[in-house]
Amino acid sequence: MLMVLWSIAGGVIVEAHAPQDYNWNGYKRLFQMVRELKLKLQVVLSFHECGGNIGDDVCIPLPQWVAEIGRSNPDIFFTDREGRRNPECLSWGIDKERVLRGRTAVEVYFDYMRSFRVEFDEFFEDGIISIIEVGLGPCGELRYPSNPVKHGWRYPGVGEFQCYDQYLLKNLRKAAEARGHSFWARGPDNAGSYNSQPHETGFFCDGGDYDGYYGRFFLNWYSKVLVDHGDRVLMLAKLAFEGTCIAVKLSGIYWWYKTASHAAELTAGFYNPCNRDGYAAIMAMLKKHGAALNFMCAECGLLDQHVDFPGALADPEGLAWQVLNAAWDVCIPVASENALPCHDREGYNNISERAKPLNDPDGGISVVLLTLDSARFYWKDTISWNLNGVVCRFHCNLICCVQVGLLRCSGKGSPLKASSIGSVADNMRGVGLLLIRTCQGHMIKRCLLRAHREGAPVILEHSFAEGTAECPVAEARPCSHVVMPHGGMPIVKSWLPGSRFGYVPWTQLQVSNAGAYLEIGPSIL
C-alpha cells in the first residue's frame with residue numbers, strides 16, 4: 001500500500017506549486033520497481049495534510065497554491081465554533097464553490113485523479129495497481145476533523161462540530177429555511193468543547209438537545225453533508241478509475257459508544273445515537289458506487305488504552321460489529337487496517353475476524369498490518385503464532401512490517417532479533433510482502449539471507465547517514481548473491497539527514513548489485 005499525497009511525498013512534488021502542474025516522475029520509477037518484483041500496488045490518493053496527529057513524525061501540508069488561497073480566504077478550511085481553522089483538508093462546503101482559482105474542490109480532486117489514471121495507464125492495464133483508495137477527509141478518512149490534536153483535543157474528549165466556515169453555514173441556512181425554521185441556521189451552543197464529556201454538556205447528555213427537534217434537524221443535516229461529499233467524490237473516482245476496485249477508509253470512533261448520544265461519533269459526522277443506525281446511509285452510498293470499505297479500528301478490543309479510561313464508556317467491538325454488519329448487509333467488500341499498535345493474539349484475531357469472519361464465503365479484499373515494533377514483540381514464538389493465525393485465515397493480500405534491532409526494550413523480554421526473521425518469513429511465504437526495518441548495518445545481510453531462505457519477498461528499510469561506518473551501501477553490496485523470489489531484487493529504502501523532510505530526494509536514486517536504494521515516501525504502507 002502506497003500513500004500518494006496531494007503535494008509532496010518522499011521528496012516528490014506532485015501538484016505543490018501550481019494548479020494542474022503535476023510531476024509523477026518519482027512514482028513512475030517506483031511503480032516500475034514494483035512491477036519487476038511482480039508485486040501489486042494498493043494506492044491511496046490523499047487530499048489531506050500528513051502529520052499533526054498522534055503518532056505522526058512528519059508534516060507534509062496541502063499544496064502551496066492551496067495554502068496561498070487559504071491565507072486570503074480561510075473559509076476554505078473546516079472551522080470550529082471559536083473560529084479556529086483546520087488546514088488539514090478542505091471544507092466540504094466548497095465542494096461546489098469555485099474558489100480554487102476557478103475550480104470547485106470536487107473538480108480539483110477529479111483533475112488529480114484523472115491525471116494519475118492517464119499517467120499510469122500501463123500499470124492499470126497490467127493489473128499492477130489493483131486498488132485505489134480515495135481520501136475523503138482528514139487522515140484520508142470519511143469524517144469531519146472533529147478531534148484535532150493541534151487544537152488541544154485529547155482522548156476521550158467528545159470533540160467539536162466543524163461547520164462554522166461561511167460555506168457550510170450558508171448550506172445550513174438554506175436547509176433551515178427549507179425546513180421552515182430559519183432560526184435553526186446555527187450550530188449547537190451547548191455542545192461543550194473538544195475535551196468535554198457527554199454528561200457535562202446540555203446537548204450530549206442523556207435526554208439532551210441532540211434528541212430534540214432542533215438537534216435532530218442539525219444532526220441530520222451535518223451527517224448528510226458527509227454522505228453527499230463522499231457521493232460526489234466517488235462518482236468522479238468511479239469515472240476516472242473505471243474497471244479498478246475503489247475503496248474508502250472509515251475510522252472507528254468508539255469512545256462514548258455506550259452512552260445514549262454517542263457524542264464523539266456525532267461530532268465526527270456519524271449520526272449514530274442509540275436509537276438510530278448512523279452507518280446505513282454511508283454503506284448505501286458506497287454500494288451505489290461499488291466501493292469497498294477499509295475499516296480502521298479492526299484490531300481493537302478492550303486494549304490497555306481503553307482500560308486506562310474506563311469512564312469513556314468505549315466499546316470498539318460493538319462499534320466494529322455495527323459498522324461491518326452494515327457493510328455485509330449490502331454486500332460491500334471489507335478490508336482491514338489497524339489504527340493502533342498490535343501486540344498480542346487478541347489484536348490479530350480481531351483483525352482477521354473483522355475482515356474475514358469464519359464461514360464467510362466472500363471474505364475481505366486485503367489486510368494491512370501496521371506498527372509492529374520490536375519493543376512489543378518479546379519473544380519470537382509470539383510472532384509465529386500471531387502471523388500464523390492471520391495468514392492461515394486469509395491466504396490473500398497481507399503486508400507485514402517488523403523492525404529489527406531498532407528499539408531497546410524497557411520492559412520484559414528482549415527486542416526482535418535477526419534470528420527471528422525466519423519465523424516471520426516462513427509465515428509470509430507465498431502470501432504477502434515482508435518489510436524489514438533496521439538501523440544496524442550488520443543486520444542487513446543476515447535479514448536478507450534469512451528471508452530468502454524462507455522464500456518470502458522482502459523490502460529492507462534502513463536508516464543510516466551516508467559515509468558512516470555502517471553505511472548501507474557497503475553493507476548491502478556483499479548481499480549481491482541473494483536472489484529474490486520471483487526473480488525480483490530487494491529494495492532498500494534509505495533516508496539521509498539534511499534532505500527535505502529528512503528523506504532522500506528522488507534524484508539521489510542509487511542502484512547496486514544488491515538492488516535499488518530508494519525512498520518511497522513517509523508512509524510505505
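# A chat about a predicted model

Visitor: Which residues does the UniProt annotation "active site" cover?

Guide: According to the unreviewed UniProt entry, the "active site" annotation covers Glu-141 and Glu-337. Please keep in mind that what we have here is a predicted model.

Visitor: OK, and where does Glu-141 lie?

Guide: Glu-141 is found in the loop that runs between strand 7 (129–134) and helix 5 (166–179).

Visitor: Is Glu-141 buried or exposed there?

Guide: Glu-141 has a relative accessible area of 9%, and because buried means under 20%, Glu-141 counts as buried. Leaving out residues up to four places away in sequence, Glu-141 touches Leu-136, Lys-249, Ser-251 and Met-296.

Visitor: Let's zoom out for a second. How many helices and strands does the protein chain have?

Guide: The protein chain has 15 helices and 17 strands. Of its 525 residues, 59% are buried, and the protein chain exposes about 20600 Å², with carbon and sulfur atoms supplying 51% of that area.

Visitor: What share of the contacts comes from residues 24 or more positions apart?

Guide: Among contacts in the protein chain with a separation of 6 or more, residues 24 or more positions apart account for 75%.

Visitor: Now helix 2, please. Which of its residues are buried?

Guide: In helix 2, which spans residues 64–72, the buried ones are Trp-65, Val-66, Ile-69 and Gly-70. Looking down the axis of helix 2, you find these buried residues within an arc of 145°, so they line one face of the helix.

Visitor: Why would residues three or four places apart point the same way?

Guide: An α-helix has 3.6 residues a turn, so residues three or four places apart point the same way.

Visitor: And which residues are exposed on the other side of helix 2?

Guide: Arg-71 and Ser-72 are exposed on the other side of helix 2, while its buried residues pack against strand 5 (77–79), strand 6 (85–90) and helix 3 (105–119).

Visitor: I'm curious about rings. How many aromatic pairs are there?

Guide: The count comes to 43 aromatic pairs. One of them joins Trp-6 and Trp-65, whose ring centres are 6.2 Å apart and whose planes stand at 90°, so this pair is edge-to-face.

Visitor: Which parts does that pair tie together?

Guide: Trp-6 lies in the loop between strand 1 (2–5) and strand 2 (8–9), whereas Trp-65 belongs to helix 2, so the pair ties together parts that are 59 residues apart in sequence. Trp-6 counts as buried at 1% relative accessibility, and Trp-65 also counts as buried, at 0%.

Visitor: What else touches Trp-65? I clicked on Arg-101 and got a bit lost. Which residues does Arg-101 touch?

Guide: Not counting residues up to four places away in sequence, Arg-101 touches Pro-19, Trp-65, Glu-68 and Ile-69. Arg-101 sits in the loop between strand 6 and helix 3, and at 48% relative accessibility it counts as partly exposed. From Arg-101 to Ile-69 the C-alpha atoms are 8.3 Å apart in space, although the two residues are 32 apart in sequence.

Visitor: Which ring does Arg-35 lie over?

Guide: Arg-35 lies over the face of Phe-123, at 4.4 Å from the ring centre. Likewise, the charged end of Arg-186 sits over the ring of Tyr-214, 4.2 Å from its centre.

Visitor: Last one: which residue has a positive phi although it is not a glycine?

Guide: Lys-38 is one of them, with a positive phi of about 60°. Most residues other than glycine have a negative phi, and most peptide bonds are trans. Lys-38 lies in the loop between helix 1 (25–36) and strand 4, and is exposed, with a relative accessible area of 60%. As for the peptide bond from Tyr-155 to Pro-156, that one is cis, with omega near 10°.

Note on methods: Residues are numbered from 1 along each chain as its sequence is written. This is a predicted model: local features need pLDDT of at least 70, side-chain atom pairs count only at pLDDT 80 or more; totals for chains, interfaces and linings use all residues. Side-chain values use heavy atoms; hydrogens and water are left out. UniProt positions are given in the numbering used here, feature names are shortened, and annotations may be inferred rather than shown by experiment. Helices (H or I, at least four residues) and strands (E, at least two) are DSSP runs, numbered from the N terminus. Buried means under 20% relative accessible area, exposed over 50%, partly exposed in between (1.4 Å probe, protein chains only). Contact means heavy atoms within 4.5 Å. The arc is that of the directions from the helix axis to the C-beta atoms. Accessible areas come from the Shrake-Rupley method with a 1.4 Å probe; for residues, only the protein chains shown count as cover. Rings of Phe, Tyr and Trp (its six-membered ring) pair if their centres lie within 6.5 Å; planes under 30 degrees apart count as stacked, over 60 as edge-to-face and the rest as tilted. A charge sits over a ring if NZ of Lys or CZ of Arg is within 6 Å of the ring centre and within 35 degrees of the ring normal.
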